[in-house]
Amino acid sequence: MKEYRICLVGYGNIARHLSELLRNRKDFLREQYNLGFTITSISDLEGSAVAARGASLDETKLAEIVDKRGSITELAEFSPGLTSRDAIELTDADILIELTPTKPQDGQPALDHMLLAFQKGMHVVTANKGPLVTSFRTLLRASERAGKMLKFGCATAAALPTTNVAYYDLTGCQILGIRGILNGTSNYILTTMVEERLEFASALEQAQIMGIAEQDPSLDIEGIDTAIKLTILANALYNVDLTLRDAEITGIRHLSAAEVADAFVKGTPYKLIGSAIPSFEGPRVSGVTIKVAPEPVPSSDPLANVTGTAKGVVFSTDLMGSLFVSGGNSSPTGAAAAILRDLINLSREENRS
């Protein structure tokens, strides 16, 4: 059985669900994939817990912490003030899972965490969009120099398999365009404005009360999160080097209840649509235009029926026509499952190499 040792940086909701998922699926992973995962270190803002070399953190104690929403300070190995960088240096992990908050301005400190992990001979799996949108080529070159993999399927719509569909299922095709609803929060707000006849501010407040929207929801409602995901996808799929500055972005804050209701009655509901459209010079992509804006979507468009917190994406190709993928659990569990998917695929690809 192949065993991987994990260095976990960031211990918010997704990381907690992931640690529980790895514990609950231990037998399943062994029987189905001949795989095992153990956590050797965890870091958060308070410090780090790093197991001795060859050892791992206690699964039972981690489960207790998750159950009672406790802190890693309760682990015997915890050291206050021991930074994430310290933990990456000290641990003997095979994989870094980087789950600190996204900072699209500079991608830090996650970018430094990932580069250090490659230097230490680790693979990197991440849900953190910041380093991917600011420094995708830098990370890719670092992974190639180290002979290690960079997996980021969770960063481009979590449980919705956007990156994997494009990478694997559309292999051999030219992807002529990507259009999608890639932010569940903004989609929920637009759906609620229609279903409950609410103005934008009231729909946002409801989403915040339900835990769907952050207290600072600007990344979602201003279209920035959608643009980030599309930029990452474009860089990965088209071999370009775009940043957020290259995207044209309009959010949903300005939409009134009357506008949204009127569009719905006409059969063209408003959706926050992100698109990435490449320009070709022969077979080579010469550039990609990224645009995010709310627009009325005709009922014939499959994205018109993506409601609530659901997401969806349409890939247009030269050989396979258009492929529509939708759904995906918009929750910490769904995100944790997307990271597990990346871990399993990493193992498969490593075994083939």
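**View 1. Helix 1 and helix 3 pack with their axes 10 Å apart and at an angle of about 135° (axes are lines fitted to C-alpha atoms, for helices over the stretch in contact, and angles run from 0 to 180 degrees between N-to-C directions).** The model is predicted, so local features need pLDDT of at least 70 and side-chain atom pairs count only at pLDDT 80 or more, while totals for chains, interfaces and linings use all residues. Residues are numbered from 1 along each chain as its sequence is written, and side-chain values use heavy atoms, with hydrogens and water left out. Helix 1 and helix 3 are therefore oblique to each other (angles under 35 degrees count as roughly parallel, over 145 as roughly antiparallel, 65 to 115 as roughly perpendicular and the rest as oblique). Their crossing is left-handed (the near helix is turned anticlockwise from the far one by less than a right angle; clockwise is right-handed). From helix 1, Arg 16, Ser 19, Glu 20 and Arg 23 meet Glu 59, Ala 63, Ile 65, Val 66 and Asp 67 of helix 3, contact being heavy atoms within 4.5 Å. By class, this contact of helix 1 with helix 3 has five charged, three nonpolar and one polar residue (Ala, Val, Leu, Ile, Met, Phe, Trp, Tyr, Cys and Pro count as nonpolar, Asp, Glu, Lys and Arg as charged, and the others, Gly among them, as polar).

**View 2. The largest cavity has a volume of about 130 Å³.** On a 1 Å grid over the protein atoms alone, a cavity is a set of points where a 1.4 Å probe fits but cannot get out, a pocket is an open set with protein on both sides within 12 Å along at least five of seven lines, and lining residues have an atom within 4 Å of a point. Points are joined across faces, edges and corners, and a volume is the space filled by probe spheres set on them. The count by this rule is one cavity of 30 Å³ or more. Helix 1 (13-24), strand 2 (35-44) and helix 3 (59-67) each give two or more residues to the lining of the largest cavity (helices, H or I with at least four residues, and strands, E with at least two, are DSSP runs numbered from the N terminus). Helix 1 provides the largest share of this lining, four residues.

View 3. Helix 6 (129-146), strand 7 (150-151), helix 7 (162-169) and helix 13 (332-352) each supply at least two residues of the lining, and the largest share, four residues, comes from helix 7. By class, the lining has six nonpolar, five polar and three charged residues.

**View 4. The axes of helix 7 and helix 11 (residues 224-238) come within 11 Å and cross at roughly 15°.** That angle makes helix 7 roughly parallel to helix 11, and the crossing is right-handed. Thr 162, Thr 163, Ala 166 and Tyr 167 of helix 7 make the contact with Leu 233, Ala 236 and Leu 237 of helix 11, a set with five nonpolar, two polar and no charged residues.

**View 5. Helix 8 (residues 184-195) and helix 9 (residues 200-209) pack at an angle of about 120°, with their axes 9 Å apart.** Helix 8 is therefore oblique to helix 9, which helix 8 passes in a right-handed crossing. Tyr 188, Ile 189, Thr 192 and Met 193 in helix 8 meet Phe 200, Ala 203, Leu 204, Gln 206 and Ala 207 in helix 9, and the contact has seven nonpolar, two polar and no charged residues.

**View 6. The peptide bond from Gln 108 to Pro 109 is cis, with omega near 0°.** Pro 109 is placed in the loop between strand 5 (95-98) and helix 5 (110-119).
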